[in-house]
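I opened this entry to record what I looked up in the structure. My notes follow in the order of the look-ups.

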Amino acid sequence: MDSQLEAEAFKRIYPEEYFQRFLSEGTRPDGRPLGRARSTTIGFGAVSTADGSALVKIGSTTLLAGIKLEVMTPTAEAPDAGKIAATFEMPPLCSPDARPERRLEETSVVVQQVMNAIESAGLVNTKELLISTGKAAWVAYLDIYCLDADGSLLDAALLAAVAAFADLTLPPVRVNPEGHVLPVLSGAQGGNLRENGDASSEVVTVERRKLTLGAMPWAATIGLYKGHLIVDPTAEEEALLESTVTTILDEAGRLISLFKPGGITAVTTALIQDCVELTRHRARELKQILEESSQEDEDEGDESQ
Amino acid sequence: MSSQGSLRKDGRTFNQLRGMVCDRGLLHRADGSAKWSQDGTSVLVGVYGPKNMPPKREDPEKAVLEVLWKPKSGIQGPEEREAEIILRRTLEAVVLAPLFPRAGISVVVQVIHDDGSLLSCAINAACAALVDAGIPMTGLLASVTIALAKRDDGAGGGAHLQLDPTREEQDGAQATVCLALETTPKAATSNGSVEGEAVVTSTTRGAMAIEEYLEALDRCRMASRTINAFARLSLDKAQRRLELPGT
Amino acid sequence: MSARGAPSYSPYSGIEERVMQEDGAGPASRSVLGADSRRQDGRLPEECRPAFLQVGTVSRAAGSAYAEFASTKVLVAVYGPRESRKAAAYSDTSRLTCDVKLAAFATKSRGKYGQGTAERELSDLLHKALVSAVRLDTFPKASVDVFALVLESGGADLAVVVTAASLALADAGIEMLDMVAATSLSLVGGHLLVDPAASEERAQDGNVLVALMPARNEVTQMHLAGAWPDTHAAQAIELCLDGCHKLDGEMRACLREHAATANGS
């Protein structure tokens with residue numbers, strides 16, 4: 001107990017030295033080797049009020065992404081496409097640094113980078129969000145909430161967004177001659193049966209439909225500290241790091257983003273190649289986790305039916 | 001258009017920067033200022049400080065750097081907020097902040113016109129303004145944007161990398177890479193050796209192959225030397241003008 | 001707490017039958033309770049939803065709790081006692097700040113811009129429910145911040161928020177006179193439905209919420225809205241008190257379990 005208290009005090013007073021002692025042993029304060037990411041889980045359909053949702057945990061870092069669909073009139077420039085609007089929130093409960101009266105600067109960076117990755121990878125074909133050309137289309141509101149901010153938020157936010165899109169189902173709708181979009185109700189729900197039989201309305205989709213997703217982007221944040229490369233840093237580690245490099249790759253190995261927002265160390269070509277290599281490994285890992293989780297999700301769905 | 005397929009719409013070759021203009025000391029109330037233009041893209045930056053900071057925001061160990069990004073018109077959107085943060089962290093790489101504990105340095109960026117490569121232009125302008133304000137730095141920054149033109153544009157071979165793209169080229173590109181490089185090699189490598197200009201900041205848009213990114217990085221390195229040479233030349237001229245007033 | 005004319009504390013299986021006879025089985029009440037006098041989700045009128053409680057869910061908070069009552073999902077984190085940001089003059093007691101937010105996708109229609117009023121009201125009511133239980137005099141000058149996020153609004157949101165918040169305060173080791181358990185009840189077509197689901201709340205004629213310190217048997221907050229026939233109100237409060245006591249058992253079990261696993265590891 002005494003030695004534990006001493007270690008805790010040492011960490012508080014000399015955080016750098018504390019961290020360096022671990023690194024010199026080739027390990028990190030949480031016991032991981034430098035190149036290993038924390039254990040990652042994905043839970044699909046966490047929120048039933050959303051049309052698609054996913055809860056992602058990378059170690060303690062927890063993010064919840066929800067997508068809600070609303071009907072809009074397509075723009076004149078793109079009469080055959082819907083759109084995606086994203087927000088990223090760090091409510092004050094997620095971290096001691098987040099206070100109600102001020103926005104953390106991470107929020108604007110994360111939302112921009114997540115949208116950049118989704119667009120650059122071509123994850124969602126916005127034409128699939130069309131209901132009726134020139135009349136109606138879906139706008140997918142993607143809201144990502146950080147529930148526990150323990151580092152590498154961009155990685156987790158992107159994973160949550162991708163998983164929420166994988167979970168998203170478009171409800172069956174029809175369009176009446178006035179251009180209004182109405183839900184197609186099953187017989188059991190009664191009520192609108194008479195309207196449902198209206199021959200003049202155009203039924204667009206009868207069944208709930210999933211999106212056909214394009215290439216999925218996978219992100220890995222790598223911290224730089226005195227020549228060490230630290231994969232998936234925690235909040236505690238991020239506070240000490242000199243800079244971070246977030247590499248995003250898709251399944252085909254294309255580079256979707258290489259994001260290094262300044263910081264006190266500059267990187268060389270060789271270091272960039274190292275980061276890409278580490279990300280390749282993590283991308284394979286994430287792909288497998290997503291596939292396994294969605295398999296489990298389907299199995300559960302079958303059982304409950 | 002040109003009969004040769006190797007020229008761009010504005011007559012430049014693929015590997016050619018736009019003409020640069022740098023004016024210093026335009027703002028009298030600021031401690032340093034610079035207006036940096038790359039043809040159609042133009043940014044004015046004012047630097048204030050080192051100055052007092054409110055006690056709540058000061059850092060006992062180093063100067064606090066703050067960046068204010070003012071768009072050409074309207075109010076700040078999420079894009080501008082992101083640019084503000086990226087620019088601040090980029091400048092933190094070169095400013096010797098520990099020399100001014102408890103102080104603050106404000107960098108105010110006013111976008112005058114955006115015709116592509118805006119973030120690069122702003123980084124170059126901010127660096128020139130910091131020099132003008134006499135803020136000690138570890139080295140100079142040079143920022144370059146490169147567009148990867150879509151292959152079906154008819155540009156063959158390696159010619160599809162367009163240096164310093166205009167807005168039109170940028171919007172039509174398959175991908176863009178914006179890099180800020182530092183001239184003083186203090187780069188960290190895994191084996192301790194150092195090489196040319198190291199990457200302080202990298203942002204990308206669109207998908208590309210790793211090799212394409214690395215090629216873009218090499219081109220940016222080359223171009224950054226041109227930008228640095230220009231920045232030093234314009235500084236020399238400004239100083240000579242200072243020494244010989246009225247000539 | 002015994003209200004006028006209310007029966008003494010007793011099992012409530014008989015109440016619903018009587019209510020049904022009095023008010024008749026109008027169309028509204030028939031849709032609320034099925035033929036077997038069960039609700040849409042299969043519960044009896046006085047039955048609470050199954051509660052899932054967990055503490056220590058937010059790693060960097062002083063204390064935190066997650067509560068899931070069927071589809072109502074709430075996460076609460078407590079920070080502090082810490083330096084008060086609102087640099088007010090010296091005060092012998094600490095400040096308790098409460099902030100409740102609704103996730104944009106928590107409600108049926110994405111509410112982002114319409115949620116502000118509801119958030120302010122929930123924050124205010126949460127503060128009132130907790131403030132008399134927390135021993136603020138033990139932390140002069142400091143502030144204890146309670147932040148709640150409703151991830152999914154599935155009915156009886158405030159009661160769940162209050163319950164989770166008091167668990168999070170306990171997890172943070174903030175001194176309290178007692179934990180606060182809260183239960184709400186909807187009056188729908190003459191029926192008293194404990195711990196209402198969202199669909200029942202939408203159809204309600206009246207609502208009552210009771211926040212109780214169970215060990216002391218003291219009410220920290222009671223909130224009654226709508227048109228209430230006299231006898232119903234008293235019964236409703238008794239039903240809520242009963243619910244609070246049941247909930248208290250689960251809250252204590254949750255804390256004990258957490259303490260056991262923390263010591264074990």
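How far apart do the end C-alpha atoms of residues 216-279 of chain A lie, and what percentage of the span is helix and what percentage strand? I found the ends 14 Å apart, with 23% helix and 41% strand. Helices (H or I, at least four residues) and strands (E, at least two) are DSSP runs, numbered from the N terminus.

I noted that this is a predicted model, in which local features need pLDDT of at least 70 and side-chain atom pairs count only at pLDDT 80 or more, while totals for chains, interfaces and linings use all residues. Residues are numbered from 1 along each chain as its sequence is written, and chains are lettered from A and ligands numbered from 1 in the order in which they are written.

**Chains A and B.** I found 32 residues of chain A in contact with 34 residues of chain B (C-beta atoms, placed from the backbone, within 7 Å). On the chain A side, H3(A) gives the most, with seven residues. By class, that side has 16 nonpolar, eleven polar and five charged residues (nonpolar: Ala, Val, Leu, Ile, Met, Phe, Trp, Tyr, Cys and Pro; charged: Asp, Glu, Lys and Arg; polar: the others, Gly among them).

I then examined H3(A) against helix H1 (residues 78-92) of chain B. Their axes come within 9 Å and cross at roughly 115° (axes are lines fitted to C-alpha atoms, for helices over the stretch in contact, and angles run from 0 to 180 degrees between N-to-C directions). H3(A) is therefore roughly perpendicular to H1(B) (65 to 115 degrees). Ser108(A), Val109(A), Val111(A) and Gln112(A) meet H1(B) residues including Pro78(B) and Ile85(B).

**Sheet, chain C.** I traced an open sheet of five strands in the order S1-S2-S3-S5-S4, with mixed pairing (strands pair if DSSP finds at least two bridges between them). Its edge strands are S1 (51-55) and S4 (95-102) of chain C. Nine bridges join S3(C) to S5(C), which run antiparallel; Ala77(C) has Phe147(C) as its bridge partner in S5(C).

I finally noted that helix H3 (residues 115-131) of chain C lies across S4 and S5 of chain C, at about 145° to S4(C).

Notes. Two residues are in contact if their C-beta atoms, placed from the backbone, lie within 7 Å. Angles under 35 degrees count as roughly parallel, over 145 as roughly antiparallel, 65 to 115 as roughly perpendicular and the rest as oblique.
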